[in-house]
Amino acid sequence: MAILNLPLTSTSNLVLWCSVVIALNFLLLSIYRVYLHPLSKFPGPIRYKLSGWPLLWQAYKGNRHLFHLKDHEKYGPIVRISPSTLSFNTAPSLATIYGSRTVPVKKGEWYKTFDVAAGTYSSFTETDKAIHATKRRWVSPAFSDLSQRANETLIIDVIERFCETIRPRRREGGDKGGWGEKWNASVLTTYLGFDIMGALVFGCDFRTVQEVGYRDLADSILPASKFLYWVSYLPLAPLVRPLLRTKLFEILGGRPIRDNNRLIEYASAQVGARARGTRNESGDWSGKVNKNGNDEEADTERIDFLSHLINKPDQKSGWRPTRADLDTECLNMMNAGADPFSSVLAGAIFYLVHNPTALQKATAEVRSTFTSPNDIHSGPLLTSCLYLSACIEETLRLCSPVPSHLPRTILPPGLTIPPYPLPLPPGTVVGVPCYSIHHNPVYFPSPFSFLPSRWIESPSNPPSAIEAAKSAFEPFGIGSRACIGKNIAYLQLRLTLAHVLWRFDLREISDVGCIGVWEGWADG
Ligand code: HEM
């Protein structure tokens, strides 16, 4: 132990001492985490037990869900995926963790990164159960059946313009019918999602589907969300979070941070203009017109989500939203609503063009149910398209847009989560990754195949098989923190697919993600 005799007076000795202390600290922490930690008996790769850095790397690469699946295949229904986190992969664990408001769990600290730069937490990121209940009540009217019906024409209007955009211009087969130019499904559906949410949340007409020059703000959502996602997995995230809205971070984080700030400012400008009751100039952020035309009309006939939130205190508790609550909630709805819808729609188109029988069945069903696209709206006819709905369910299973662990932190006095028979200690972070359980063959035989028929009762698919599948199906989450936009998301998906399939035949083009559109079957 010659080091103990080294005086701390020289810089090199100081550096040596610091290195030794850090190395010792790391060694002791590693021994504790691997052998003595309350979760030490749970299986998992050693690197996960040592630190949270592997999760950050997976988040950065965007393949975390694949690791979760592989880990569950290798280690079984419970895997330790970070020093304090367990991942589960069974229907009973899903029901236990997320199913009931009274279970002693709350959303994990992980969520706090997402809205903190906007000033407060939204209904999505709020971790306090009581505050969340208040906020959820506050936003609920925006998602009521009444609001959905009132907004449906806005949604259909955007969808029709989407169909107009993909309509073939150059045709291989002459004037009446033929294949048009290829289009990239995942790109255009992103803009469709953005336009729909702009209309629903702010009553704005973003026109990003048809106008390339208007896509600037929409293009910033993905890099901004990715960046925040990485930050959320930093083992030191609580230290980094307060810096998110500072100039320093804008310089260090570069474009994604600037983009995120632009989104925050955009939402805030929209709310500000509405709060003042003035014509929303910033709705015109890149020179577009506001959907509702003139000023008076815009302010008196608003039916968008913002009109349900602004100046609307919570009836039960009297809680009044602050300006930061409004800004954050609107921004959250734009982000939470646009991107998942777009990716499911792109996924559905992907699976349909890769499964010609399914595509043919869904298309035939839509065309035999509706006599014209003008008849396609919510109601019994749309819900009678059982095969179309099954295609949507199967897409949500295979490529759920929220595929990883949705973390919940166990509160005192602890919680027993099957199949583990003993209570887990408070502070343990738990969750069921959607992608893993959706590919668990116990609930979904042939888990990697696109089989809409698994959602439809038949002699070879009895109700018990459908019940088993539903018990492990969580694309919108379950329980009190489940997606509040679920019904509107289903409506958007059904409407868009029905409108597209009624009008066009689709085919795969060899470029990744590209499809061809053929029009003319009905013109005939
Ligand atoms: C296919 C489309 C969608 C999918 C797959 C989806 C998925 C989800 C999931 C899994 C959650 C729970 C997250 C968690 O526990 O951390 C969630 C929450 C949420 N979603 Fe969605 N979502 C979709 C569309 C929408 C839409 C269209 C909106 C708004 C218009 C929306 C707004 C929200 C909100 C506000 C929450 C937070 C709910 C709460 O904690 O009270 N989502 N969503």
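Here are some notes on the structure above, point by point.

1. A word on the model first. This is a predicted model, in which local features need pLDDT of at least 70 and side-chain atom pairs count only at pLDDT 80 or more, while totals for chains, interfaces and linings use all residues. Residues are numbered from 1 along each chain as its sequence is written.

2. Overall make-up. The protein has 22 helices and 11 strands; both are DSSP runs numbered from the N terminus, helices being H or I with at least four residues and strands E with at least two. Of its 524 residues, 42% count as buried. Here buried means that 20 or more other C-beta atoms lie within 10 Å of a residue's own, exposed means 12 or fewer, and partly exposed is in between, with C-beta atoms placed from the backbone. Among contacts between residues at least 6 apart in sequence, 70% join residues at least 24 apart; two residues are in contact if their C-beta atoms, placed from the backbone, lie within 7 Å.

3. Around the ligand. The ligand is surrounded by 22 residues, and the closest are Gly337, Pro340, Gly477, Cys483 and Gly485. By class, the shell has 15 nonpolar, five polar and two charged residues. For that count, Ala, Val, Leu, Ile, Met, Phe, Trp, Tyr, Cys and Pro are nonpolar, Asp, Glu, Lys and Arg are charged, and the others, Gly among them, are polar.

4. The nonpolar cores. The largest core has 87 residues, and Val201, Cys330 and Ala498 have the most contacts inside it. Helix α16 gives the most to this core, with 14 residues. A core here is a set of buried Ala, Val, Leu, Ile, Met, Phe, Trp, Tyr and Cys residues joined through C-beta atoms within 7 Å. A second, separate core of 30 residues includes Phe42, Tyr233, Tyr435 and Phe473.

5. The five-stranded sheet. This open sheet runs in the order β1-β2-β9-β6-β3, with mixed pairing. The edges are β1 (78-82) and β3 (105-107), each with a single partner strand, so one side of each is left without a neighbour in the sheet. On average, neighbouring strands of this sheet are turned by 35 degrees against each other, direction ignored; the axes behind such angles are lines fitted to C-alpha atoms, for helices over the stretch in contact, and angles run from 0 to 180 degrees between N-to-C directions. Strands are said to pair if DSSP finds at least two bridges between them.

6. A closer look at β2. Strands β1 and β2 form a hairpin with two residues between them. Their pairing is antiparallel over four bridges, β2 being residues 85-88. Within this pair, Ile78 has Phe88 as its bridge partner, and Val79 stands opposite Ser87. Towards β9 (residues 429-431), β2 pairs in the parallel sense over three bridges, and here Ser87 stands opposite Gly431. Thr85 and Ser87 point one way from β2, Leu86 and Phe88 point the other way, and all are buried.

7. Two cis peptide bonds to check. One joins Pro412 and Pro413, with omega about 10 degrees; Pro413 lies in the loop between β6 (408-410) and β7 (415-416). The bond from Pro418 to Pro419 is also cis, with omega near 10 degrees, and Pro419 sits in the loop between β7 and β8 (423-424).

8. Positive phi values. Arg207 is not a glycine, yet has a positive phi of about 55 degrees. Arg207 is found in the loop between α9 (185-202) and α10 (216-233), and is partly exposed, with 19 other C-beta atoms within 10 Å. Asn311 also has a positive phi, near 55 degrees. This residue lies in the loop between α15 and α16 and is exposed, with 10 other C-beta atoms within 10 Å.

9. One more loop residue. Arg320 lies in the loop between α15 (305-309) and α16, and is exposed, with 11 other C-beta atoms within 10 Å. Arg320 and Lys135 are 185 residues apart in sequence and 9.8 Å apart in space, C-alpha to C-alpha.

Notes. A residue is near a molecule or strand if its C-beta atom, placed from the backbone, lies within 6 Å of it.
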